[in-house]
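Colleague: I would like to learn how to read a strand in the middle of a fold. Could you take me through one case step by step?

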Amino acid sequence: MAILSLEHHNNSELIANIAEVGYLQRDLATCDPTHGLGNFWNDWVPDEACQWFSDLAVEKSPQGYSIDFEHTPYDDGFFPQVIFDSPYKLSGTPGGVMDDNYGIDKYIDWRKRHAWIKRGITEMTRILDPTGGVLIVKCMDQVCASRYRWQAREFAEHAESLGLRLVDTAHVQSYRPQPGNRPQVHFHRGYSTALILTSHRRKW
């Protein structure tokens, strides 16, 4: 049975299907520097997961200490697989439990957040195996300041400027309610996107 790009109800289903299609391999070292609550790994997990999973928040880091995704301690080209679930929501909510869980509980101007995420993508590219590594970047096109911010396009273009190639996308149906206290001027995007990127030398 075909696996559809837009059939995932959560991130765990997304990762499991990305692996089933063949983009991720269980026996390869896999870096997840934005581990958070670990919800990506409920259905599929690589063999040496905890060795390379981490987070900026110590209490969420399987490593037991804080690792900043802008400045990881790993060697160039070390990982054949990297998962980067960036803090992509543009309207962080101070005091919000859900936003606190995902490290977006403080307001940051969307331009600064995008620059922050791009620095993360640059670092993920540095530690990715240049001979055939796979980088999964999670993001979401969304309205901010009354305009659409096309994150999937912007972050894919940034990764491609670093020498990676966009080979596929997959989507997760959104569970976040849309605001109902203002007139609708854009179509609501009910999904987030996983960009599947690879080094040019890997063939698909």
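Colleague: Is strand 3 enclosed or open to the outside?

Modeller: One looks at the burial of each residue, where buried stands for under 20% relative accessible area. In this predicted model, six of the six residues of strand 3, residues 134-139, are buried, so the strand is largely enclosed by the rest of the structure.

Colleague: Which residues of strand 3 point one way, and which the other way?

Modeller: V134, I136 and K138 point one way, while L135, V137 and C139 point the other way, and all of them are buried.

Colleague: In which sense does strand 3 pair with strand 2, and how does strand 3 run relative to strand 7?

Modeller: Strand 2, residues 81-85, pairs with strand 3 in the parallel sense over five bridges, and within that pairing V82 has L135 as its bridge partner. Strand 7, residues 191-199, runs antiparallel to strand 3 and is joined to it by six bridges, with L195 as the bridge partner of V137.

Colleague: Which residues have the most contacts inside the largest nonpolar core?

Modeller: They are V82, F84, L135 and L195, in a core of 26 residues. Strand 2, helix 4, strand 3, helix 5 and strand 7 each supply at least two residues of this core, and its largest share, five residues, comes from helix 4. A second, separate core of 18 residues includes I15, Y23, F40 and I136.

Colleague: What is L195 in contact with, leaving aside its neighbours within four places in sequence?

Modeller: Its contacts include L135, I136, V137 and C139, and also A152, F155 and A156.

Definitions and conventions. Residues are numbered from 1 along each chain as its sequence is written. This is a predicted model: local features need pLDDT of at least 70, side-chain atom pairs count only at pLDDT 80 or more; totals for chains, interfaces and linings use all residues. Side-chain values use heavy atoms; hydrogens and water are left out. Buried means under 20% relative accessible area, exposed over 50%, partly exposed in between (1.4 Å probe, protein chains only). Helices (H or I, at least four residues) and strands (E, at least two) are DSSP runs, numbered from the N terminus. Two strands pair if DSSP finds at least two bridges between them. A nonpolar core is a set of buried Ala, Val, Leu, Ile, Met, Phe, Trp, Tyr and Cys residues joined through side-chain atoms within 4.5 Å. Contact means heavy atoms within 4.5 Å.
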